[in-house]
Amino acid sequence: MVNITIDGQQFQAAEGQNVLQAALDNGIEIPHLCYHENLSSYGGCRLCLVEITRGQRTTLTTSCTYPCLEGIVVRTDTPEVLKARRLVMELLLPLAPEAPQIQALAREMGISEQRFTEEEADNCIRCGLCTRACTEMVGAQAITFSGRGYRRAVESPFGEEAVDCIGCGTCVYICPTGCIEMLDRGTQRTLPKWKRTLELKKCTKCGWPYIPFAQIEFARQRGQEPPAADWFDLCPNCR
Amino acid sequence: MFRLNSVGELEKLRAEISEKRDTGKPCITTCLGTGCHAYASYDVYDALAEEIDARGLKEKIELRGTGCHGFCEQGPIVVIFPSEICYCRVQPEDAADILAALMEDKVVDRLLYEDPVSGQKYEREDEIPFYKNQNRLILGQNRLIDPQNIEDYFAQGGYKALAKALTDMTPEDVLAEVKKANLRGRGGGGFPAGVKWETTRQAPEKEKYVVVNADEGDPGAYMDRSLLEGNPHLVLEGLILGAYAIGAAEGFVYVRQEYPLAVDNLSRAVEQAQGYGLLGDNILGSGFNFRVRIKRGAGAFVSGESSALVSAIEGQVGEPRPKHINTAISGLWGKPTNLNNVETWANVPFIIERGADWFNGIGNEGNKGTKIFSLVGKVNNTGLVEVPMGIPLRKIIEDIGGGIPQGKKFKAVQTGGPSGGCIPEQHLDTPVDFDRLQELGSMMGSGGMIVMDENNCMVDVAKYFMNFLKDESCGKCTSCREGTKRMYEILEAITKGEGRAGDIELLEELAWVTEKTSLCALGQTAANPVLSTLRYFREEYEAHINEKRCPAKVCKALIRYTIDPEKCDGCGRCQRNCPEEAISGELKSPLVIDTDRCSRCGICLEVCRRDAVVVE
């Protein structure tokens with residue numbers, strides 16, 4: 001454990017743990033969009049900026065990528081931090097102007113007018129939560145970033161059907177702007193963004209087509225044995 | 001090729017090569033570097049070879065294809081040794097005259113370099129003002145060496161520094177010498193190489209790596225390319241010395257795959273060095289083992305950033321990562337990794353062979369040695385120049401570069417590549433070094449130097465670089481990805497005459513957030529083109545925004561072409577050449593340009609013989 005100071009308060013944190021998590025664990029709120037406690041830190045959205053002093057050096061940096069080290073002093077609310085965050089938010093806002101979570105954050109930061117506009121906003125803020133969840137949580141690695149700079153986008157490989165997508169919906173769940181659609185129609189599940197359509201298995205009791213066959217197969221291939229052999233025959237409601 | 005098992009064997013081989021080479025025998029060298037190659041220098045080389053053959057002189061004259069000499073403006077370049085007569089813009093048809101003159105101990109007058117201003121002709125290469133004012137320590141061997149032939153490098157004293165280090169010096173001695181030489185990283189940052197080496201050497205992990213960063217990506221810059229293409233063994237020798245000092249057993253060269261000749265020559269050099277036992281196990285019988293692998297980059301500018309480069313070598317997407325722990329301590333696969341740029345490594349053999357004191361005699365306070373620049377843009381002599389650090393910018397542009405063509409007025413010089421800045425006339429006497437350029441809001445970068453004259457619009461220049469940066473940002477950080485995009489949009493609007501009050505302040509806000517909140521050096525310096533042009537040429541921005549006027553008459557939306565009826569004699573040249581058919585009127589009487597149809601291409605201005613076309 002190391003001793004760190006956040007906004008004048010002393011805390012103990014596990015050495016190497018990221019500063020953002022340490023702050024959140026201690027009830028100090030720092031806005032963030034690309035961070036999730038169960039995923040690796042990415043440092044892309046730049047919203048969790050804080051000022052960190054280590055020894056003689058003070059830097060403006062992202063708290064999600066900065067490790068807790070003995071004696072560091074963190075300031076989450078200096079005028080410079082707030083100004084930088086607000087500008088970053090202004091840059092993010094036009095990417096997903098309709099998304100409730102984005103709107104709420106912008107409001108909290110006191111942004112009342114939108115100075116930048118995007119003609120064809122696709123509602124994706126390039127936070128990469130979906131790609132990291134797919135790779136690190138699910139293990140499917142079905143989607144990834146493509147392109148550089150402003151052309152960067154999350155895509156299925158080569159823009160074709162994401163053949164490794166198992167239709168689990170983790171990306172849909174984790175996306176902060178709701179820009180990934182998942183449609184269940186009859187026994188088919190479609191994720192239009194990944195150009196992927198999968199067959200669903202029906203619950204043998206209630207008949208609800210509830211899980212893609214591909215997801216069951218994926219679990220089996222990875223040796224994730226269900227608690228019972230007929231586990232997937234029943235939907236969660238009927239189990 | 002045979003394995004050299006000791007330093008003695010290397011020196012014996014070197015003596016044999018020197019003996020074999022009759023120094024009195026003339027050698028015709030042809031530059032086959034990328035610039036001259038584009039001017040078809042391979043045809044010149046072939047023509048010279050045929051001519052030598054036809055005259056039965058194969059035994060009497062040596063012909064050698066070399067790397068880039070630097071004076072690319074005048075390519076293809078042919079230099080004859082030992083007289084050092086330099087021929088410029090040589091064509092295949094000139095081969096016969098060159099040979100005839102050589103046999104009669106004469107020179108081909110029409111192929112000599114002629115100063116565009118004074119009209120004076122120069123015979124010897126070292127008399128030409130472009131070369132005379134340089135100190136070509138690193139680049140100088142290029143013209144003497146066939147980069148595909150390791151014997152040429154041996155003949156120039158190649159691998160002598162390595163031999164010295166392995167016999168007379170401990171790794172600590174080599175490190176101490178480089179530290180003492182105050183060698184600063186030539187890739188842009190200017191960080192002391194010796195300090196970085198020491199960090200990697202002292203890092204606790206036993207397995208360490210050394211890396212050559214050859215991901216040169218600045219538009220118009222080709223210093224590292226020419227070194228790798230023209231003298232790959234020099235870079236390799238530097239790398240081997242670094243590995244010895246640091247204690248690395250494996251090294252990588254990360255080189256752009258868009259540099260095919262560099263990849264070829266380097267691969268061959270690695271093979272040759274392995275064959276001679278200069279790479280591999282038990283190098284020169286010293287017990288020191290070191291291997292080198294070449295990793296080709298896939299064309300992303302950002303991969304030159306150290307942490308992105310590390311990712312790329314590991315096989316990941318070349319994208320910067322947070323480095324609260326330096327790559328010198330945790331780099332490739334989490335192991336201590338020392339990265340230096342091509343030119344930095346190329347300095348090392350000289351430092352080891354000649355000593356740190358000698359090296360410290362070149363350059364100014366805090367900036368030792370030479371620096372290679374690629375001098376391009378509105379300057380008479382474009383090419384690669386190597387000068388001692390600390391010489392004034394003016395000397396590079398006026399004495400070496402020969403000033404601005406067509407007597408135009410100098411406006412600014414852009415240094416440091418896309419993330420650098422523009423330096424105006426009043427600072428031309430500033431010494432060129434890492435620290436002073438930074439004080440001026442620019443930077444040394446890897447050595448790009450683009451000269452601009454009165455016909456360059458500084459808002460347009462900022463837009464050009466921002467366009468590059470918005471495309472080459474990796475896109476990870478919101479501030480860099482969106483910041484460069486928004487800055488570009490505003491600059492584009494200004495150059496289109498759609499600039500609004502408040503745009504300059506908005507640019508400054510965006511510049512601030514991009515610089516302050518981005519992860520890597522690309523984002524942190526991406527605003528420099530905007531900030532430095534605003535710093536020195538704010539009135540140009542204001543003219544665009546407030547008066548809808550482009551003072552340099554570059555921005556098409558803000559200029560108008562008209563014909564002065566007093567001067568026009570109605571010859572019709574402009575009318576015939578206008579691609580938009582925008583010029584009308586009776587021949588032999590003044591013509592008129594239809595502004596609505598005119599696309600502002602400027603062809604009429606170029607073809608008019610009476611200066612009747614006016615831009616306003």
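This is a predicted model: local features need pLDDT of at least 70, side-chain atom pairs count only at pLDDT 80 or more; totals for chains, interfaces and linings use all residues.
How many bridges join strand E13 of chain B to strand E17 of chain B, and which residues does each strand span?

**View 1. Strands E13 and E17 of chain B run side by side and parallel.** The answer is 4 bridges, linking E13 (residues 370-377) to E17 (residues 448-453). Look for B:Leu375, which stands opposite B:Met449 in E17(B).

**View 2. Five strands of chain B make up an open sheet.** Follow the strands in the order E14-E13-E17-E15-E16, and you will find mixed pairing. At the edges are strand E14 (383-388) and strand E16 (421-424) of chain B, each of which pairs on one side only. On average, neighbouring strands of this sheet are turned by 30° against each other, direction ignored.

**View 3. B:Ile396 belongs to the largest nonpolar core, a set of 233 residues.** B:Ile396 is listed among the residues with the most contacts inside this core, together with B:Val178, B:Val235, B:Ile240, B:Leu241 and B:Tyr254. Helix H11 (residues 232-246) of chain B gives the most to the core, with 10 residues. Setting aside neighbours within four places in sequence, B:Ile396 is in contact with B:Phe373, B:Leu375, B:Val385, B:Val387, B:Ile391, B:Gly401 and B:Val432. Another core, of 12 residues, lies apart from the largest one and includes B:Ala582, B:Ile583, B:Cys604 and B:Ala612.

**View 4. Chain A is divided into domain 1 (2-108) and domain 2 (129-233).** The centres of these two domains of chain A, taken over C-alpha atoms, are separated by 30 Å. Where they meet, 11 residues of domain 1 of chain A are in contact with 10 residues of domain 2 of chain A. The side of domain 1 of chain A that touches domain 2 of chain A has 7 nonpolar, 4 polar and no charged residues.

**View 5. Chain B meets chain A, with 23 residues of chain B in contact with 21 residues of chain A.** Three helices of chain B each supply at least two residues to the side that touches chain A: helix H18 (458-472), helix H19 (478-495) and helix H20 (503-517). The largest share of that side, 7 residues, comes from H19(B). By class, the side of chain B that touches chain A has 6 nonpolar, 7 polar and 10 charged residues.

Definitions and conventions
Residues are numbered from 1 along each chain as its sequence is written. Chains are lettered from A and ligands numbered from 1 in the order in which they are written. Two strands pair if DSSP finds at least two bridges between them. Axes are lines fitted to C-alpha atoms, for helices over the stretch in contact, and angles run from 0 to 180 degrees between N-to-C directions. Domain bounds come from an automatic or database domain assignment. Two residues are in contact if their C-beta atoms, placed from the backbone, lie within 7 Å. Ala, Val, Leu, Ile, Met, Phe, Trp, Tyr, Cys and Pro count as nonpolar, Asp, Glu, Lys and Arg as charged, and the others, Gly among them, as polar. A nonpolar core is a set of buried Ala, Val, Leu, Ile, Met, Phe, Trp, Tyr and Cys residues joined through C-beta atoms within 7 Å. A residue is buried if 20 or more other C-beta atoms lie within 10 Å of its own, exposed if 12 or fewer, and partly exposed in between; C-beta atoms are placed from the backbone.
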